[in-house]
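Here's a quick walk through the model on screen, helix by helix and then charge by charge. Keep the viewer open as you read.

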Amino acid sequence: MDRAKYVNFSKDAALDAVSSLRYAKDAIWHASTNVNPRYSRHMNAFQKRWAKNKRTGRMEWEWFNAHNEDHLMDCECMVTIRALQRGLIILPPDTEQGAR
């Protein structure tokens, strides 16, 4: 019997990956226009903002959790990470993540 594998990943990097798929110039991520409003709320729980790093004092981009209803975004992040690991998707080349 196969055992479940533990995968450790950066949530910020996962949010960047999902965001790059959602907002790519040529659409990659699709959701129905009549999707349940709760799904939309979960998918928009995080916002990227320019803020001062408390540790270094430098200004940098950070993901800000606007509210706690984010479980479906967490699920989409995990699915995206697994799809990237398996080679099922690639990140768009016109994004910071795809250029790596």
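## Helix α1 and its buried side

In α1, the buried residues are Ala14, Leu15, Asp16, Ala17, Val18, Ser20 and Leu21; buried here means under 20% relative accessible area, exposed means over 50%, and partly exposed is anything in between (1.4 Å probe, protein chains only). Helices (H or I, at least four residues) and strands (E, at least two) are DSSP runs, numbered from the N terminus. The buried residues of α1 pack against α2, β1, β2 and α3, where a contact means heavy atoms within 4.5 Å.

The expected span is 1.5 Å times one less than the number of residues.

## What you're looking at

This is a predicted model, so local features need pLDDT of at least 70 and side-chain atom pairs count only at pLDDT 80 or more, while totals for chains, interfaces and linings use all residues. Residues are numbered from 1 along each chain as its sequence is written, and side-chain values use heavy atoms, with hydrogens and water left out.

The chain has three helices and two strands, arranged along the sequence as α-α-β-β-α. Its C-alpha atoms fill a box of roughly 50 × 35 × 30 Å, taken along the principal axes. Of the 100 residues, 28% count as buried. Contacts between residues 24 or more positions apart make up 56% of those with a separation of 6 or more. The accessible surface is about 7,900 Å², and 52% of that belongs to carbon and sulfur atoms; these areas come from the Shrake-Rupley method with a 1.4 Å probe, and for residues, only the protein chains shown count as cover.

## Helix α3, one face in

α3 has 16 residues and reaches 23 Å from its first C-alpha to its last, close to the 22 Å expected at 1.5 Å a residue. Which of its residues are buried? They are Met73, Glu76, Cys77, Thr80, Ile81 and Ala83. Seen down the axis of α3, these buried residues fall within an arc of 165°, so they line one face of the helix. The arc is that of the directions from the helix axis to the C-beta atoms.

The cover over the buried residues of α3 includes α1, α2 and β1. On the other side of α3, Val79 and Arg86 are exposed.

## Salt bridges across the fold

Counting a salt bridge as a side-chain nitrogen of Lys or Arg within 4 Å of a carboxyl oxygen of Asp or Glu, you get four of them. Among them is lysine 11 with aspartate 74, whose closest N and O atoms are 2.6 Å apart. That pair links distant parts of the chain, with lysine 11 in helix α1 (residues 11-22) and aspartate 74 in helix α3 (residues 71-86), 63 residues apart. Lysine 11 is partly exposed, at 35% relative accessibility.

Aspartate 16 and lysine 48 also meet in a salt bridge, at 2.7 Å from N to O. Aspartate 16 sits in helix α1 and lysine 48 in strand β1 (residues 46-52), so the pair ties together parts 32 residues apart in sequence. Aspartate 16 is buried at 14% relative accessible area, whereas lysine 48 is partly exposed at 36%. Then there's arginine 41 with glutamate 69, at 3.1 Å from N to O. Here arginine 41 is in helix α2 (residues 37-43) and glutamate 69 is in the loop between β2 (59-65) and α3, so this pair ties together parts 28 residues apart. Arginine 41 is partly exposed at 39%, and so is glutamate 69 at 29%.

Back in helix α3 you'll find glutamate 76. Glutamate 76 is buried yet has no salt bridge, and the nearest side chain of opposite charge, arginine 22, is 8.5 Å away. For charges, Lys and Arg count as positive and Asp and Glu as negative; His and the chain ends are not counted. Leaving out residues up to four places away in sequence, glutamate 76 touches Val18, Trp29, Tyr39 and Met43.
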